[in-house]
Amino acid sequence: MGGKTCIARARKCSDKSHSSMTTAPHILGIRHHGPGSARMVLRALQDLKPDAILIEGPPDAAELIEMAADKEMTPPVALLVYEPDAPQSASYFPFAEFSPEWQAIRHGLKARAEVRFIDLPRSLRQLPAQSAPKAPTAPTSNDPEAQPQTPPSRIDALEQLAHAAGYSDGEAWWSRLIEERRGEDDPMAVFDAIREAMASLREKFAGPEHDSSRDPEEVPREAHMRRSIRAAIKEGFKKIAIVCGAWHAPVLTQQFIDSTPAKQDDAALKGLEKRRTAATWIPWTHGRLAFDSGYGAGVVSPGWYEHLWVHHDQIAERWLTSVARLMRAEDLEGSPANIIESVRLSESLAMLRGRAAPGLEEFNEATLSVLCGGNPLPLKVIERKLIVGEKLGAVPSRAPAVPLQRDLEATQKSLRLKVSADDVVLELDLRKENDLARSRLFHRLALLEIPWAEPQEDAKRSKGTFRETWKLQWKPELSICVIEAARFGNTIESAAAARVAFEASNAKSLPPLTRMLDHAMLADLPGAVASLLQAIESVAAISADIGNLMEAIPSLAGVLRYGNVRKTDAALVLPIVRGLLIRVCAGLIPACTSLDDDAAAAMLGRINAIDAALGTLEDKEFSEMWSERVLALGDSQTHGLVQGRCWRILFDGRKVESQTIADRVSLALSPGNDPEKSSAWLEGFLSGSGMVLIHDPRLLALVDAWVCSLAPDVFERTCPIGRRTFGSFAPPERRQIGEKLKRTAGASPSVSGSLAAATGDYVAARGELVLPVLREIFGEITL
């Protein structure tokens, strides 16, 4: 007992001696992702030479900190912390080269200092808002009646300080004051001033009336930070530097920690639910660092901030040269003379505004005036590609990853597919083995809902020519999609097959199954195709929804038509297509009874899709079956939109004579019909293409005469339908129709008579009133 007592006393004495030798922690309150803040942090750490650097970051990723020094690590990158059992519940912690936290990590690792994350772990879940612990700075109310009915906006510290300083934009004010500064001021003096400003701001918003405007996790987060600081001091670190958001700086000082009992912080953390988490490094992009991407701690101009971090002199010349280089790459003018003039203008603007050097605002105005010639459109491209930027980072190959991610990376490498944050359009020739393998990969990823590659519209039109067109763009959130898909298998092929089997066993409707079958056939997954076909037959057998059956046919017809082109066996699909088409034809007329406008538009889309799909099959049996049913539907009492489309399908397919169509158009547009129903019939007949009016003068005259015969009030009611119909025509079609009407206006009795009736109320004296205005606009015109 005596020995143990002596040891305990010795430890206490040792802790006291350590405590007496330890200086108060140095608080470096920063703005996340700012080059000025990063420079000051780096200089402060070089001066302080701390033996421990505590950073606002997720302790869940403590084991990954050392990877920041890896040569393969290239910012922007992010720490991804997620729950293995629920990968979608994830958090990202991005770092750019100019992020103060990143520079602190790299400096600490190089100086062999202890580097730790001290924020609230992602593994701890916040209590419900009504029972969350309150801030230690002021008493608050738990009364739900005191809470506002609508969620107020969060406190924006930068906006508040900017307004106090007489500025309207907090981001621009902070950037001008801190991030763009190039001076050699004492960094600790600047950090002290920032901390004092934030302390005043926190005091202003400390009352209970502002509780709902604060981050609900602020209290436990700051409590955990203070607990981590106490632990570092107790461990004997003598010189501690804390890199945290400026808002938290006032409550992490030694004075505040001493005045806040540890029990109070423990109480704030008590009851938080513990969850299992995993973490890894993933590539990030400048676009995802931007505030507009939805990232709460984002900045407006990541690309501009990187420029400020990388270049230490000739900021204006280097930036505007980059702008001109980008404009030349976009086939726009960007001469050296324009660069020189832009530099002079930006410097003059800065001088007029009392600024020591031009900033991004001055550069943008100079670019708009000189390089863009006043046209704002090129400036949009500059903003996207340069001010924000499209840089994609890289992480070491040894970073933790699920097996599926490793297989994807290996497949990308073997198929020579470059991962990029830019939009990359890829043309595939499916007669080449490498391109065929790429196509299979893209379709397998589509089955796994990993949208790295998206098919383009022209890809659907080029299937028969052995070609596909895909657009590739890697986004950071796709890493979560890969982790989610990893539960289905360790390779892309096995995971895609398992995902298909899972969906097939749980599907309740046909359209999702048939769309998946299209991908599965093209992904070369024979086992998955068999399970899908079985599921399609089972669901189709009990489905009574004609709409669902109709939506299933186009995808199946596409598989039947193009499957063998891609070396896949599509013969098994033929009996399914035949069975579905028979059922659709049997139930089509009852399904088209009593349709409202929205239902008719949906049915029109289904009919068009089936007609186009069957047209590609060139199967006589299917064609005759479908044409017979379309003819019966055209003669039935259904919505005019559907009726008109049926007759157009028959006419385009040469199933009826031109005279029959002319009679049908004349009957549909006869004066005794409801004008709105006639306009719906005409919309259905003309939808998609106006070539029939160009090649058949009789139909054009009938339509023109009907339009001219409408009374003014009826014309106003039906005009939106007419505009929608003719607006769907290609511009050359509209132009040719107009020219034909102009040429035939005096030749066709039916047309000229209608036009005369329509213009009979014209008053020449009123028309002459606008002539002086026209002369003022156009000048004298000699005809």
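## Where H22 meets H24

In this predicted model, helix H22 brings Leu533, Ile536, Glu537, Ala540 and Ala541 up against Ile576, Leu580 and Arg583 of helix H24. Sort those contact residues by class and you get six nonpolar, two charged and no polar ones.

As for the geometry, H22 covers residues 526–542 and H24 covers residues 574–591, and the two pack with their axes 11 Å apart at an angle of about 15°. The crossing of H22 past H24 is left-handed.

## The four-stranded sheet

Over to the strands: an open sheet is built from four of them, ordered S1-S7-S2-S5, with parallel pairing. S1 (26–30) and S5 (114–117) sit at the edges, each pairing on one side only. From one strand to the next, the twist averages 20°.

Take S5 and its partner S2 (residues 52–55): they pair in the parallel sense through four bridges. Here Ile53 stands opposite Val115 of S5.

Helix H2 (residues 35–48) lies across S1, S2 and S7 (240–245). Relative to S1, H2 runs at about 170°.

The chain has a mean pLDDT of 81, with 86% of its residues at 70 or more.

Notes. Residues numbered from 1 in each chain as written. Predicted model: local features only at pLDDT ≥ 70, side-chain atom pairs only at ≥ 80, totals over all residues. Heavy atoms only, no water. pLDDT = per-residue confidence, 0-100. Axes fitted to C-alpha atoms, helices over the stretch in contact; angles between N-to-C directions. Left-handed = near helix turned anticlockwise from the far one by under 90°. Contact = heavy atoms within 4.5 Å. Nonpolar A, V, L, I, M, F, W, Y, C, P; charged D, E, K, R; others polar. Pairing = 2+ DSSP bridges.
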